[in-house]
Amino acid sequence: MLNLRAILALTAFGLLSATLTSQQSPLFPGQQFQVGSSPAQVVIGDVNGDEKPDLVTANYAGTVAVLLAKDTGGYETYAAFALDGGPTSLAMGDLNGDGHLDLITANINEDEVSVLLGAGDGSFTFQSNFGVGGEPKSVALGDLNGDGHLDIVTANQAAGTVSVLLGTGAGSFAAQVVYGAGSSPRGVALGDLNEDGFPDIAVAAYANVSILYGTGTGTFGAPSGQFGGPGPGAIAIDDLNGDGHLDFVAANFSSSSIVARFGTGMGTFEAPLQLFGSYQPVSISIGDLNADGNPDLVTANSASADIAVLLGSGAGEFGAATTFGGGSGASPVAIGDLDGDGEADLAMSNASANAVSVLLGTGTGAFGGIGTPVSGDSFAAGDLNGDGNPDLVVASYTGSSVSVMLGSGTGSLGSPASFAVGGKPVAVAIGDLNGDGRPDAVTANRVTSTVSVLLGTGTGSLGTATVLSVGASPESVVLEDVDGDNDLDILTVNSSVGSVSVLLGTGAGSFATDSSYAIGPYHSSLATGDLNGDGTLDLVVADGSGQTCSVLLGTGTGSFGAPVSIPVGVTPKAVVLGDVNGDGILDMAVLALDLYSGSVSVLLGTGTGSFGAPSAFGVGAYATSLVTGDLNGDGNLDLATVNSWSSNISVLLGDGASSFAPQLTFVAEVQPSALAATDMDGDGRLDLVYLSEGGYSRGAYTLLNSGLQASTGPWADLGHGLAGISGTPVLLGNGTMDPGSINCLQLSNAKPSTRTYLCVSAGLWNAYASSLGGVIVPGPAFTTYKYTVSATGTHAPCFQWPNDPAYVGVSLYLQYWVLDPAAPQGWSASNGLAATGQ
């Protein structure tokens with residue numbers, strides 16, 4: 001949340017202020033921010049003195065990247081500072097006593113550490129390199145000799161040593177002193193483990209954990225081996241069981257385990273407690289993740305490409321691990337309050353996406369998406385049991401089946417129930433095929449060149465499959481009424497033979513034999529819509545062998561004209577239709593088949609069945625699925641892709657004309673595949689659901705949408721908006737306005753990237769004031785706060801209502817005024833909002 005400033009005018013209670021914040025909530029969990037090539041670790045700290053936590057990464061390609069926190073939430077475009085090659089670990093602290101945070105990196109390729117001194121404004125200057133042992137894998141900072149200056153410790157993987165470099169307090173360091181540390185040390189942590197007042201060094205080595213006890217002079221004794229599990233690679237220190245003695249916990253890559261050792265305070269440790277987090281943990285961090293005052297654990301896991309959270313009891317016990325999407329390229333997890341709401345958040349780097357992922361905490365220990373294990377290749381969403389909640393039907397090629405996963409209405413899904421389909425399904429669609437009001441399922445079965453029809457029972461189960469023949473190698477299936485008889489028909493795209501199969505439905509769950517339309521081989525994706533305004537459905541098919549899509553105009557009788565090739569500028573992987581620019585004519589969006597990067601091309605429809613020239617917009621690497629929908633509630637069509645190689649989801653927010661803002665990316669499980677946009681929790685907002693094909697993370701995952709779609713709670717729309725270049729800005733509010741409650745606003749449809757003023761007043765009255773061609777709702781006496789509208793025309797502040805019963809009955813009035821040359825007198829205005837303290 002934003003830094004709170006006074007927003008309440010003098011009232012009958014004589015009250016003066018509350019706190020307003022202005023951190024825009026991410027649209028979906030796990031928003032990513034670009035940092036440059038191959039980030040290896042991220043740390044959190046205020047590097048520019050504005051009292052907001054910034055992010056800094058060490059990038060293996062030879063830079064550190066600095067992401068400065070913005071007032072409105074999120075981060076500025078990163079600034080990069082060059083280093084010697086191969087930084088893999090990073091630590092932050094004031095190395096020269098000037099009150100500004102500085103950086104230390106461990107450079108694995110150069111056998112050295114680099115010092116970068118901070119200027120206090122977010123910039124850093126390279127100071128010097130200092131030699132350490134072979135292949136330094138991790139670095140830590142601490143005052144090892146009690147002189148008040150930070151010193152350096154590195155774990156040197158190839159040398160089997162730790163290096164200690166004593167700081168001078170001026171940003172320079174003495175030559176290293178080397179200590180043995182066992183085989184292949186990779187992680188290091190500092191803490192007084194024997195309670196003699198001097199910091200000790202704990203090292204995670206291949207065979208065990210080595211403890212080097214400090215003398216207080218910067219020297220250390222011989223290493224003492226402690227069992228930390230088979231193959232510890234990362235280590236952290238804290239009091240895990242509340243007895244006042246420091247403990248350590250080690251993450252073991254080779255055994256996919258976590259081992260905790262509880263300290264006695266004398267340098268000895270109790271018997272090991274072995275835990276399971278997830279597969280191949282590469283890091284472990286400690287922090288209070290659910291606000292209960294007890295230390296919890298979080299690991300980043302390589303094989304499963306996720307993070308695992310284990311909530312602690314405070315007595316040395318930990319609950320079962322809960323996993324959240326971490327993307328590929330696992331790295332140490334940093335813990336801190338990144339949005340100012342008082343709850344612990346997580347940040348981690350993702351090398352495959354060249355980004356940092358930020359997972360905002362709820363205060364319950366939950367982060368990111370909601371997952372349920374299932375094996376599948378594609379899916380469709382619909383209400384199969386009539387409870388009003390979306391369910392999934394997941395098609396499994398290897399299982400020759402579909403699985404039904406019932407939705408709870410909260411975003412979570414039940415365990416899969418499997419039904420045989422009599423083929424190898426690669427796609428599935430849902431619709432009422434026999435007119436009984438119950439959704440049925442149809443799969444496209446590539447190997448057998450068939451479709452399977454499974455009639456629904458209305459209870460969430462499916463009947464025995466009826467198998468029908470179509471063209472060779474069907475790749476996708478769509479259910480639509482193409483002959484105008486109000487019965488759903490089956491359409492498939494058949495890759496090998498190069499055709500579209502049309503099976504006309506009888507309305508009883510049976511179908512006529514296949515009518516085939518030739519389109520050429522390697523077509524794989526199909527979309528339907530009325531492209532020429534004649535009231536009948538037409539077809540668009542993606543051509544996987546060329547840079548075209550084929551348009552087949554429908555006759556309304558179930559037949560189609562000859563295909564017409566439309567140049568799309570890319571080799572298409574998928575195609576969807578929607579009205580991008582609000583002219584009532586369907587436009588085309590085409591997902592490029594590209595292994596190393598990604599793009600979506602948008603072609604505006606003419607209303608005659610033809611399309612304009614393509615405009616390309618970048619998305620993640622090897623995007624495999626494309627969906628449309630209004631994801632941020634501004635009335636404009638947006639696009640989203642799921643990206644297999646970069647293990648993330650790209651969102652392109654539409655401007656309602658013909659363009660899209662640069663992609664927003666959100667972390668996903670490894671190798672995400674199919675994607676859908678549907679409201680999984682019944683709040684009126686489109687959520688994103690995707691499948692992961694990663695070996696340890698196979699499942700269906702939900703990313704709940706946090707954007708407002710309508711004002712909720714005690715919020716009243718007062719009207720008086722004033723249109724600008726994007727139409728009339730829309731202001732929504734939600735929150736209970738109870739004492740101490742967090743309440744949020746969302747401005748949308750404003751002129752992008754311009755100045756805006758939030759006008760606020762409070763009291764027991766309401767008086768409007770005419771100004772600038774409109775009405776200032778909070779008038780005549782109000783306070784203004786200056787902000788910048790985002791590139792997508794939004795702004796989303798939150799504030800905490802005073803935790804004071806005197807504020808019950810006090811009303812708050814708010815309205816945005818936006819600098820906009822298209823509006824009367826150069827300003828547009830949102831509708832006014834009012835809410836009263838409860």
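## Overall architecture

The protein chain contains zero helices and 68 strands; helices (H or I, at least four residues) and strands (E, at least two) are DSSP runs, numbered from the N terminus. This is a predicted model, in which local features need pLDDT of at least 70 and side-chain atom pairs count only at pLDDT 80 or more, while totals for chains, interfaces and linings use all residues. Residues are numbered from 1 along each chain as its sequence is written, and side-chain values use heavy atoms, with hydrogens and water left out.

The C-alpha trace spans about 90 × 70 × 45 Å along its principal axes.

## Burial

Of the 838 residues, 57% are buried. Buried means under 20% relative accessible area, exposed over 50%, and partly exposed in between (1.4 Å probe, protein chains only).

## Two residues with positive phi

Most residues other than glycine have a negative phi. Glu51, which is not a glycine, has a positive phi of about 65°. Glu51 lies in the loop between β3 (39–45) and β4 (54–59), and it counts as exposed because its relative accessibility is 68%.

Ala305 also has a positive phi, near 50°. Its place is in the loop between β24 (296–301) and β25 (306–310). With a relative accessible area of 2%, Ala305 is buried, whereas Glu51 is exposed.
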